[in-house]
Every structure is written in C-alpha cells, then in structure tokens.
Amino acid sequence: MLGGKPAIRGIRISVQTILEYLAAGETKENILKEFPFLEPEDIDACLDFAAKLMGKYSVHVLAA
C-alpha cells in the first residue's frame, strides 16, 4: 500500500496513477517508457484490479 492506496508489487507507484495515465490516453508502451522499472504485466494487473473492484459495486447514473 502507498498511503493507503494499492501499489504495484511493492513499488511506490499507485494503481491509481497507472489507471489515470491509461484514462488520459497513454499507451502501455509510453507508460513503460515513463516507468522503466514496470513490466507489461504490472499494467495488466492494474486493469484487472480495477475490473474486479468495479464488479463489487453498482453505479447509478442520475439524469440531469
């Protein structure tokens, strides 16, 4: 954990950070260049974590 946030393999990079890079449109290749100590499987694990987390919650959208 990193300040209470899930981290990648004990590295001080949060799962949230990687997900934010992906949400901003960054490619896996660019993320791996930015964080050369990461492996492609780390990014896949972040996505898997997010998918499993979202599977536990219901999202309700309110109409404006």
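## Buried or exposed?

A residue is called buried when its relative accessible area is under 20%, exposed when this is over 50%, and partly exposed in between (1.4 Å probe, protein chains only). With a relative accessible area of 5%, serine 14 is therefore buried. This is a predicted model, in which local features need pLDDT of at least 70, side-chain atom pairs count only at pLDDT 80 or more, and totals for chains, interfaces and linings use all residues. Residues are numbered from 1 along each chain as its sequence is written, and side-chain values use heavy atoms, with hydrogens and water left out.

Where does serine 14 lie? Look in the segment before helix H1 (15-23); helices here are DSSP runs of H or I with at least four residues, numbered from the N terminus. Contact means heavy atoms within 4.5 Å. Once neighbours within four places in sequence are set aside, serine 14 has contacts with Leu2, Lys5, Pro6, Ala7 and Ile8.

## The nonpolar core

Now for the inside. A nonpolar core is a set of buried Ala, Val, Leu, Ile, Met, Phe, Trp, Tyr and Cys residues joined through side-chain atoms within 4.5 Å. The largest one has nine residues: Ile8, Ile13, Val15, Ile18, Ile31, Phe35, Leu38, Ile43 and Cys46. At least two residues of this core come from each of H1 and H3.

Not counting residues up to four places away in sequence, isoleucine 18 touches Ile8, Ile13, Ile31, Phe35, Leu38, Ile43 and Cys46.

## Rings that meet

Rings of Phe, Tyr and Trp (its six-membered ring) pair if their centres lie within 6.5 Å; planes under 30 degrees apart count as stacked, over 60 as edge-to-face and the rest as tilted. The whole structure holds two aromatic pairs. Tyrosine 21 and phenylalanine 35 have ring centres 5.5 Å apart and planes at 80°, so they are edge-to-face. Because tyrosine 21 lies in helix H1 and phenylalanine 35 in the loop between helix H2 (28-34) and helix H3 (40-54), this pair ties together parts that are 14 residues apart in sequence.

Phenylalanine 35 is buried at 11% relative accessibility, while tyrosine 21, at 27%, is partly exposed. Phenylalanine 35 also forms an edge-to-face pair with phenylalanine 37, at 6.1 Å centre to centre and 70° between the planes. Phenylalanine 37 has a relative accessible area of 46%, so it is partly exposed. Together, ring pairs link Tyr21, Phe35 and Phe37 into a cluster.
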